[in-house]
Amino acid sequence: MQSKGAIKLFAIILALVCLYQLSFTLVTRGVEADAREYANNDPIKEKEYLDSIGPKGVYNIGVKDYTYRECKEREINLGLDLKGGMNVTMEVSVVDLVRSMAGQNVEDPTFKKSIDRALDLQRSSNKDFVTLFGQAFVEVDPNASLAAVFANIENQDKIKFNSTNDQVLKVLKEESDAAISRSFNILRTRIDKFGVTQPNIQQLGSGRILVELPGVKEPDRVRKLLQGTAKLEFWETYTFGEVAPGLVAVNSMLAKESKKDSLAGNIILSNDSTATPDSSLSANDTTAVADSSKVSLVDKMGKDSTAAKDTAGGKTFEEFARENPLFAVLFPSDGQVRTQEEKNIVDKQCVIGYALIKDTAKVNRILERDDVKAALPKNLRLLWTVKPRSAETQSLELIGIKSSGRDGKAPLDGAAISDARQDFGQFNSKPEISMRMNPEGAKVWKRLTGENIGKSVAIVLDDYVYSFPTVQGEIAGGSSSITGNFEINEAKDLANILKAGKLPAPARIVEEAVVGPSLGAEAINNGLLSFLVALSIVFIFMAFYYSKAGIIADITLVCNMFFIMGVLASLGAVLTLPGIAGIVLIIALSVDANILIFERVREELRLGKGLRLAIADGYKHAFSSIIDSNVTTLLLGIILYSFGSGPVQGFATTLIIGILCSLFSAIFISRLMFEYLLDKNKEIPFWTNATKDPYKNINLPFVENRKKYYIISSLVIAAGIASIGMKGFNFGVDFDGGRTFVVQFDKATSTQEIRESLATPFGEAPDVKTFGTDNRYKITTDYLIEENTAEAQAAVTKALYEGLKGQFAGMDQTKFQEVKIINSQKVGPTVADDIKSSALLAIFFGCVLMFLYILARFKKWQYGLGATVALLHDVLLILSIFSIFNGILPFTLEINQDFIAALLTVMGYSMTDTVVVFDRIREYLGIHPNSDKKLVINNALNSTLSRTMNTSLATFFVLLAIFIFGGDVIRGFIFALLVGILVGTYSSLCIASPIVIDFDKKDKK
């Protein structure tokens, strides 16, 4: 074996990297176990425990002490269907869009009353906002004209002064529909760039968009990503020196008020719009802050307020707060200034002050008072920074924004951005964002920076300041960088936000929850148990059939699984149910590679070769088949990843990673173990007495019976087509849509119990997921989904109540309020049309690529045709079986996203089987070029029986165990895989190879 040392070194490095990546998962599991023990089943306490330990070090590896949050970012991710994730319902604010289209007429009394009335109507109506606004406008003033409100410069191409109300409403409806559609596309783009595998995003109607993100660990980051694109602006800023006199005046006013009322907190938190500043209030009044500069930032920001002392006068913080109500919660920027030089520097900065995060609401209430606004510059806006200044103080900076435009709009907004990316500083290597603007934006940016040299320009996103860099000089050309106190992930998020553009209308989260796994906790546990049982059966089978060599194969399989999980963790990939399907296929490929090698070694040993030479020749002769089978499947995975999305992409990711790990393990890891044992002069038996020659005397007439196989397959497919025509398919909610209820119970129950209770009234068991806390569950059914009437909705609700009665035995059955419907809605298909199309394109191009590869590899188009026809044959047979047996078998046979994953798994397995058979046919035809081709091919097919049957049996054992013990939720999915394994094995022997014979013209001559 050549380069043994290099292979050993690479294997060691790979193992260490995988161990390092997987160790974070073990650490987080340990911390979360401690949290559960501490909380004693109290989810609030558990969350508080994890939040408190988030920034603390929990994993010290010497060079770095990783915090719990950092470990969570590096742990292996489970998808929404396995672990859960974040479920968010977002609402595109059409009302803000309508207001923006009104322009300067937004303050029109009739318009404002109509908006308020429409918002009231929306609470009890399912109609869209534009329709409700039109109704409200007529109610407020039947003689008013909408054109008088909306006919402005921005709308001049769409709305004229003589346009009727119906024409204006039509334009508003078109604009709102376009805004919702664009918002949907932008959100989908950003979710894809966020790196989440298999996201679910769909329009729910009424301007609402549902987003489900599996494996999300930081909800705050997701909230910023989804909502933070509503409004990106670039603002000029005020300096502290310009704003400080007004703040001093406000503090003085509040201090005088506090003397009149001992309950200073009540005065501070009030919002009395009728109050007016004291007549003695002036910009030069500085008496109120005589002692404020003596209070240290450490005292105010780092200690409990009741214990903090005034370092100069010995006052308690409570005494200081009574004398300085504003500066007790908002620490001024010059609070630590000691010299005039320091003051001059602070006066030129745009940071007005600092406040603890918990105090920002108090500061906001103070600044919202009309009398406070009157004491400050008229065009001043005060906005908080998006993140704390440091983890220790947990304080935010307050930035002074200068609204100098006549219309109050920012000089520049997100529409000017043409490109953005995360980068690193040229000199300090800190994360930053490189930004490029379009020509129009570049002109404004040049003017804005030219007029503010030496001052700060604030980068504001959704009314939070992300950065406020100081302008060093005029920036021409439109290319610049945004710097600030960014972490890499934050810089990437902001770059993605800038690059994707701004939302056409604000999108806000109106509903949010943690979604439980669709499999259910019980199904997950059963699935893992059955998976371990299945692997144990494979281990026993390999050891029994191949003796000591089989044990080496088992060790190789363990190494392969270890490498796969480690690489998934290191890449931050998400493991989903389709991903598990990919792992099942990888198990088959890994075992198949070892079986190919072992069967070749057994053939060499039967020829009388020595053990070392037989092993070397076995690896040599099996290498071609292993490469061909894995490369074809790898190409299929790449095509699926490129064209697919959702479950298709999740499957492809795991498949690609698994193939590469499987190749390395089967070819090199197992070979290293054999070499080690051979160097130690150890005996390595490749069979037992019972398994030495089980297929020796078998000679099945595959070629002779090929027409019978054609007839059998044709009959099954014809029956399937007839069944599809009469019965159709049982499409899941993923494809057909369905009704979703969020239900809250007064007592705890399980998803399986709810599913069983609703099976009878709904006709079949619905999909049930845990929905956050407080005993809430999300129930999705396709019961009466084709009917859009109110009566159908009432019938579904009644069926829901009837089914859930059993969950409350002993209660008054006439009081259905024990079951609270938190939300009720009818959902459209989860998989969008473009996702379906991309999946079909992926399968199509996958078949084309398989044909071309096999044509190039085997030099005959007949081989490519045989493999492609076999793939289509397998797909049609599985679809036929799912239609024929739908409603007959005691479990659901749904056509859904999981079924797509199963279908792709079968395609990969079938292709692997077919290529191995073709490789043996090519070898036999090369050895016997002048013999009867049909006889040679038939002998080649029989010679692969040991490999084909052993691989199929090993894979079948894995799936059968999961089918029996995995629970009802995944039974239909596993059934598709079981059928696919049988169909794939059958097609590789009985369909693909005979097609090669029948289309070979030379043979016919």
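A nonpolar patch on the surface is formed by L529, V533, I537, L960, I964 and F965, which together have about 480 Å² of accessible area. Two elements each give two or more residues to this patch: α19 (520–571) and α31 (945–965). The model is predicted. The points below cover the patch, the aromatic pairs and the charges placed over rings.

**Surface patch**
- F965, one of the patch residues, lies in helix α31.
- The relative accessible area of F965 is 43%, so this residue is partly exposed.

**Aromatic pairs**
- The structure holds 29 aromatic pairs.
- One of them joins F133 and F137 in a tilted arrangement, with 6.0 Å centre to centre and 45° between the planes.
- Helix α6 (residues 129–140) contains both F133 and F137, which are four residues apart, about one turn of the helix.
- F133 is buried, at 0% relative accessible area, and F137 also counts as buried, at 1%.
- F598 and F674 form an edge-to-face pair, with 6.0 Å centre to centre and 90° between the planes.
- F598 belongs to helix α20 (residues 577–606) and F674 to helix α22 (residues 647–679), so their pair ties together parts that are 76 residues apart in sequence.
- F598 counts as buried at 0% relative accessibility, as does F674 at 1%.

**Aromatic cluster**
- F598 and F674 are also members of one aromatic cluster, together with F541, Y545, Y546, Y619, F686 and F957.

**Charges over rings**
- Y619, one of the cluster residues, has the charged end of R671 over its ring, 4.9 Å from the centre.
- K402 lies over the face of Y238, at 5.0 Å from the ring centre.

Conventions: Residues numbered from 1 in each chain as written. Predicted model: local features only at pLDDT ≥ 70, side-chain atom pairs only at ≥ 80, totals over all residues. Heavy atoms only, no water. Patch = residues over 30% accessible without salt bridge, like charges linked within 9 Å, V, L, I, M, F, W, Y side chains within 5 Å. Areas by Shrake-Rupley, 256 points an atom, 1.4 Å probe, with all protein chains shown as cover. Salt bridge = Lys/Arg side-chain N within 4 Å of Asp/Glu carboxyl O. Buried < 20%, exposed > 50% of the residue type's maximum accessible area, 1.4 Å probe, protein only. Phe/Tyr/Trp six-rings, centres within 6.5 Å; stacked < 30°, edge-to-face > 60°. Lys NZ or Arg CZ within 6 Å of the ring centre and 35° of its normal.
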